[in-house]
Amino acid sequence: MTTHFVLFDIDGVLLKPVGYRRAIFDTCDYFLTKFGQNSFSIDEEIITTFESIGITSEWDMVPLIMLNVIDLGLSLKRPNNYLETEEDIIKFFKSSNFHLNRYLLISEIQKLKNYLRIGNSACEAILLSFSDHQSDLIFANIRKYAEWIIYAWLSETRNIFKSNFLQYFQNLTLGNQQFENITGKKPFVETEPYLLIYDQPLLEEHVRQSILEMCQKNNIYPGIITARPSLFPGEHQKIENRISFPEAEFALQCLQLEQVPFIGFGPLEFLGIQKNTGGDSFVKPSSLHALVALLVSSGLTMHNALLLSFDFLYNQHFKEMKNYFSKFETPIHATIFEDSTIGIQSLKSVCEKLSKIGINIEMHAFGITDQPNKINALKNENAVIFPTLNEAFSSSVDLISN
């Protein structure tokens, strides 16, 4: 009997992330208005441009959008003096009558792809390139007139206590009550959680039921792989001033798929703390993210899945991994439903590494999108493209049920 691992991304696959979209649009509107750009709004094309180059975290998108806006504004009108503070920048932009061109903004965002690094968040990677003088072509005008904001806005994007961008965004996604309970900070605005009031399930009821039925079968192991923030494993909610947020948990609640095993960003950040690094070292396209997803989907505890994956990938503990996979009947198939390339790359890397120690897994990738820029990127990963999960899942039924 064939063993099947079946992995699903959340945003854009199982769920239309309207809550995240509304949160990033409203967060950008708040800060654009603050800097005198109240006539401009961020739209879907700008967000999918980020996703098409591998930047999927809104925590990265907001500061990168704002830096590009500032840089484009400074390219059109030059200040007479160096802008020493954020208040100087706000005053300059409010008096400059600068109107943002969305196509120029999209073009600048696309250039960021050249500075991304595996193992770093987008903001960390760009900041590292900037510090190493490898990114002279981006933010050239800010470099000249307000270089300090590059460091100020990119260095603390994951720190809820220091990043105003993150604070405002999390206020919206979590709602004011959860935001204040988790962070201890007063909210900017009063609202119910955007993730619960706006997110929309994309899967039809028969697909949802099929996923739940998979959980009861001996040879099929469904799991959810997402870069969404999620709670740390166990009872840990705050470690070394780092806080975990239940955003993946909100998604599963919205989808009524709470019993399906999943791996979000929280356990990866938890592992990063233990290993004196960050969770971005382990999130997809890192192979560790997909490997943990396979292991937890098959019933391994999160703690053991993290340790077994880390030891295999970083300490060459091959015997333990071979022993674990020896309990599964062959052949082994792994199928992934993703709307961006990074999850596919993560699983592909896992399959390649496992094959080198004699664990052969046949991989199948389904790309879920109708966006042209995403379609091209997914095709480059040899994914079969469908506009929705429902059609992709129907096409995969024979493959998974064999």
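Of the contacts in the protein chain with a separation of 6 or more, 69% are accounted for by residues 24 or more positions apart. The model is a predicted one, and its protein chain comprises 20 helices and ten strands. With a radius of gyration of 22 Å, close to the 21 Å given by the globule rule for 402 residues, the protein chain is therefore as compact as a globular protein of that length. Along the principal axes, the C-alpha atoms occupy a box of roughly 75 × 40 × 40 Å.

The buried positions are F165, L166, Q167, Y168, F169, Q170, N171, L172, T173 and L174. Packing against these buried residues involves several other helices: α1 (18-34), α3 (58-76), α8 (148-154), α10 (176-183), α11 (194-197) and α13 (247-255). Just after α9, a positive phi of about 85 degrees is adopted by G175.

Two of the residues buried in α9, F165 and Y168, also belong to an aromatic cluster, which they form together with Y30, F31, F35, W153 and F188. Aromatic pairing was then considered for the structure as a whole. A pair of aromatic rings is described by the distance of the centres and the angle of the planes. The count of aromatic pairs comes to 29. In one of them, the ring centres of Y30 and F188 are 6.2 Å apart and the planes lie at 70 degrees; because an angle over 60 degrees counts as edge-to-face, the pair is assigned to that class. This pair joins distant parts of the chain, with Y30 located in helix α1 and F188 in the loop between α10 and α11, 158 residues apart. Y30 is partly exposed, at 33% relative accessibility, and F188 is likewise partly exposed, at 35%.

An edge-to-face arrangement is also found for Y324 and F328, whose planes lie at 70 degrees and whose ring centres are 5.7 Å apart. Here Y324 is buried, its relative accessible area being 12%. F328 also counts as buried, at 6% relative accessibility. The residues of the Y30 and F188 pair, by contrast, are partly exposed.

Helix α3, one of the elements against which the buried residues of α9 pack, contains L72. The relative accessibility of L72 is 9%; since buried means under 20%, this residue counts as buried. When residues up to four places away in sequence are not counted, L72 touches F98, L100, L104, L105 and E108. A separation of 27 Å was computed between the C-alpha atoms of L72 and N159, which are 87 residues apart along the chain.

Terms used
Residues are numbered from 1 along each chain as its sequence is written. This is a predicted model: local features need pLDDT of at least 70, side-chain atom pairs count only at pLDDT 80 or more; totals for chains, interfaces and linings use all residues. Side-chain values use heavy atoms; hydrogens and water are left out. Buried means under 20% relative accessible area, exposed over 50%, partly exposed in between (1.4 Å probe, protein chains only). Helices (H or I, at least four residues) and strands (E, at least two) are DSSP runs, numbered from the N terminus. Contact means heavy atoms within 4.5 Å. The radius of gyration is taken over C-alpha atoms; the globule rule is 2.2 Å times the number of residues to the power 0.38. Rings of Phe, Tyr and Trp (its six-membered ring) pair if their centres lie within 6.5 Å; planes under 30 degrees apart count as stacked, over 60 as edge-to-face and the rest as tilted.
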